[in-house]
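Please keep the sequence and the model in view while reading.

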Amino acid sequence: MAFISSSSPYQRVRRSTSEIMLLVLLCLIPGIFLQSYFFGLGNLLQILLASTVALLSETLILILRKRPILSTIKDGSALLTGVLIAIAIPPLAPWWIAVIGTVFAVIFVKQLYGGLGQNIFNPAMAAYVLLLISFPVQMTTWIPVQSLHPFSLTVMDQINALFTGFTLDGYSVAQISTSIDGLTMATPLDTARNALNSGKTISEIFNSPEYKASSWQAIEWVNLGFLIGGLILLYKRVILWYIPIAFLAGISIFSFIAFAYNPDLNISPLFHLFSGATMLGAFFILTDPVTASTTVKGRIFYGVLAALIVVVIRNIGGYPDALAFAVLLANMCVPFIDYYTQPKVYGRGR
């Protein structure tokens, strides 16, 4: 037997960018599957549309910048951005919502800053905030879970609604977004926020017909799907535990403090953890290696800061789910966090 000896240091083989992006996309599948199961195939149509636009947008800007096209496209970052945008928008939002958001994310947030590794903001979350502020009606028109659909929707109905705003039978998206009981559908966070603003207490909200029709159990399952995918990322060491654990622990602690202070006006920690985009944000958004903090202590501070912003905006702000705003504000603080949490160089003293 021949033994090959080599000098130190010994390092593990690192994954390429394309391998990391592929693993992240694969780990999104459980959450996407559950989202499509409960809310229909419109979710998959949005993913297909946004992914195609992302690849075309990246190709166009690379041609204009005279940069290599194939190697950049193959890294999978543009594709992942498109998928994340599609997950965040309503399944039957107009086709131009996905197009505008994806073009803005890839060209203006990513490529105009220099491409992958140079952008200071998370592209998908920057696009989501742009869409939410610019088109609030389209971005908050969610359809009910399939068991509560007032009309039977085929795949062709959903395709037609995506591109024309109407099903083949002439029903509008607004009509589809009304449950069998005649209640206008909203996410659980939307329902809780609107009810609190009208003077209702938490107990009254949970017992109201609006809340019972708000797809709370479906949102729980979708969050569970993204949690499973996130745990796989941790197991595969694609991401480290610092940011997701700090974020989820921060949400639990801050929401518990608010809930203990006034349980009639603040929702419980469990509601925070399994509502909105909490699990998606914890494992797939905040852990973006380009826009997140790079030091060990910094990652913990980064996750806790994002959690604080989420709880504050959800409890007293004007938007029901604050993840995108929290991510962008935390991205802005990353240089400051990294500067004050960088480890001391060995041998330099205090």
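In which hand, right-handed or left-handed, does α18 pass α19? The crossing of α18 past α19 is right-handed, a term for a near helix turned clockwise from the far one by less than a right angle, left-handed being anticlockwise.

The model is predicted, so local features need pLDDT of at least 70 and side-chain atom pairs count only at pLDDT 80 or more, while totals for chains, interfaces and linings use all residues. Residues are numbered from 1 along each chain as its sequence is written, and side-chain values use heavy atoms, with hydrogens and water left out.

**The chain as a whole**

The secondary structure consists of 19 helices and 0 strands; both are DSSP runs numbered from the N terminus, helices being H or I of at least four residues and strands E of at least two. The chain has 350 residues, of which 51% count as buried (buried is under 20% relative accessible area, exposed over 50% and partly exposed in between, with a 1.4 Å probe and protein chains only). Of the contacts with a separation of 6 or more, 75% involve residues 24 or more positions apart; contact means heavy atoms within 4.5 Å.

**Two helix pairs**

Two packed helices are described by the angle between their axes and the distance between the axes. The axes are lines fitted to C-alpha atoms, for helices over the stretch in contact, and angles run from 0 to 180 degrees between N-to-C directions.

Helix α18 (residues 296-316) packs against helix α19 (residues 323-341) at about 150°, with the axes 9 Å apart. The angle makes α18 roughly antiparallel to α19 (over 145 degrees; under 35 is roughly parallel, 65 to 115 roughly perpendicular and the rest oblique). On the α18 side the contact includes Phe 301, Tyr 302, Leu 305 and Ile 309, and on the α19 side it includes Phe 325, Leu 329, Cys 333 and Ile 337. By class, this contact has 15 nonpolar, 3 polar and 1 charged residues. Ala, Val, Leu, Ile, Met, Phe, Trp, Tyr, Cys and Pro count as nonpolar, Asp, Glu, Lys and Arg as charged, and the others, Gly among them, as polar.

The axes of helix α15 (residues 242-261) and helix α17 (residues 278-285) come within 8 Å and cross at roughly 155°. This crossing angle makes α15 roughly antiparallel to α17, and α15 passes α17 in a right-handed crossing. Pro 244, Phe 247, Leu 248 and Ile 251 of α15 meet Thr 278, Met 279, Ala 282 and Phe 283 of α17. These residues divide into 7 nonpolar, 1 polar and no charged.

**Individual residues**

Gln 35 lies in helix α2 (residues 29-39). Beyond its neighbours within four places in sequence, Gln 35 is in contact with Gly 40, Asn 43, Ile 87, Trp 142 and Val 222. Ala 249 is placed in helix α15; its C-alpha lies 8.9 Å from that of Gly 303, 54 residues away in sequence.

Lys 66 is in the loop between α3 (42-65) and α4 (70-73), and Arg 237 is in the loop between α14 (216-235) and α15. Lys 66 has a positive phi of about 60° although it is not a glycine, and for Arg 237, also not a glycine, phi is positive at about 60°.

| Residue | Relative accessible area | Class |
|---|---|---|
| Gln 35 | 6% | buried |
| Ala 249 | 34% | partly exposed |
| Lys 66 | 76% | exposed |
| Arg 237 | 56% | exposed |
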